[in-house]
Amino acid sequence: MPEEFNINEILGIRRRKYRLDHLTATEKVERKKLKNRVAAQTSRDRKKLRMESMEITIKNLTDENDELQKRNNFLEDRLRELESRLRGSRDNESVTDSGNVQEKVMALNLLVILTISVTVWLTLQKSLMEFTCHHQIPLEKAKAPKRFPPHLLITVHQ
């Protein structure tokens, strides 16, 4: 018995869609239901992975936000301390000029560091807000900052 050759198999060409003429109407309906069930489960699995990834990103951003806020609070306290010492040294003229200059330089350096920290913190806050708005995550899940001066808050318009 001679072997039959299928030209499509030889050329490696797949047919676009298999004909379902051999199936009955109920088999076609069952096949369609099964394919839809598999597609729906695949979609749910992809959504679950996306949500887990976004939750991890939110956790990382909120952790970084907390660390920056702690650093910001520390720098604000340190700046207030140095400013009070600087005011005290002005009142007390017995302090040498070099000590006074050194304290001023330290205060200015801390002021620069504080400014940079606040800028980074604000950028991170804005990024978190944009991320939660873009991915339609409720703001309750995105941790809000605990304390920040009201005149420096960013308002997001939707």
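Colleague: Leaving aside its neighbours within four places in sequence, which residues is Glu103 in contact with?

Modeller: A contact means heavy atoms within 4.5 Å. By that rule, Glu103 touches Arg85, Leu86 and Ser89, once neighbours within four places in sequence are set aside. Glu103 and Ser89 are 14 residues apart along the chain, and their C-alpha atoms are separated by 9.1 Å. Please bear in mind that this is a predicted model, in which local features need pLDDT of at least 70, side-chain atom pairs count only at pLDDT 80 or more, and totals for chains, interfaces and linings use all residues. Residues are numbered from 1 along each chain as its sequence is written, and side-chain values use heavy atoms, with hydrogens and water left out.

Colleague: Where does Glu103 lie, and is Glu103 buried or exposed?

Modeller: The labels follow relative accessible area: under 20% is buried, over 50% is exposed, and anything in between is partly exposed (1.4 Å probe, protein chains only). Glu103 belongs to helix H3 and counts as buried because its relative accessible area is 18%. Thr132 also has its place in helix H3, and Thr132 is buried as well, at 2% relative accessibility. Thr132 and Met54 are 78 residues apart in sequence, with 9.1 Å between their C-alpha atoms. Over the protein chain, buried residues make up 21% of the 158 residues.

Colleague: How many helices and strands does the protein chain have?

Modeller: Helices (H or I, at least four residues) and strands (E, at least two) are DSSP runs, numbered from the N terminus. The protein chain has three helices and zero strands, so its pattern along the sequence reads α-α-α. Among contacts between residues at least 6 apart in sequence, 75% join residues at least 24 apart.

Colleague: In which helix is confidence lowest, and in which is it highest?

Modeller: The predictor's confidence in each residue is its pLDDT, from 0 to 100. Helix H1 (residues 7–11) has the lowest confidence, at a mean of 63, whereas helix H2 (residues 25–91) has the highest, at 89. For the protein chain the mean is 76, and 66% of the residues reach 70 or more. Over residues 153–158 pLDDT stays under 50, and the model has seven contacts beyond four places in sequence for them. Where pLDDT is low, the predicted coordinates should not be read in detail.

Colleague: How many salt bridges does the structure hold?

Modeller: Side chains of opposite charge can pair when their charged atoms come close. The rule here asks for a side-chain nitrogen of Lys or Arg within 4 Å of a carboxyl oxygen of Asp or Glu. The structure holds four salt bridges. One of them joins Lys59 and Asp63, with the closest N and O atoms 2.8 Å apart. Lys59 and Asp63 are separated by about one helical turn because they are four residues apart in helix H2. Asp63 is partly exposed, with a relative accessible area of 33%.

Colleague: How far apart are the closest N and O atoms of Lys70 and Glu67?

Modeller: For Lys70 and Glu67, the distance is 4.0 Å. Both lie in helix H2, three residues apart, about one turn of the helix. Lys70 counts as exposed at 56% relative accessibility, and Glu67 counts as exposed at 51%. Arg78 and Glu81 meet in a salt bridge of 2.9 Å, N to O, and they too lie three residues apart in helix H2. Arg78 counts as partly exposed, at 23% relative accessibility, and Glu81 is partly exposed at 37%.

Colleague: Which residues of the largest nonpolar core touch the most other members?

Modeller: In soluble globular proteins, nonpolar side chains tend to be buried together. A nonpolar core is a set of buried Ala, Val, Leu, Ile, Met, Phe, Trp, Tyr and Cys residues joined through side-chain atoms within 4.5 Å. Leu110 and Leu114 touch the most other members among the 13 residues of the largest core. H2 and H3 are the elements that give two or more residues to this core, and H3 supplies the largest share, eight residues. Not counting residues up to four places away in sequence, Leu110 touches Leu75, Arg78, Leu79 and Leu82.
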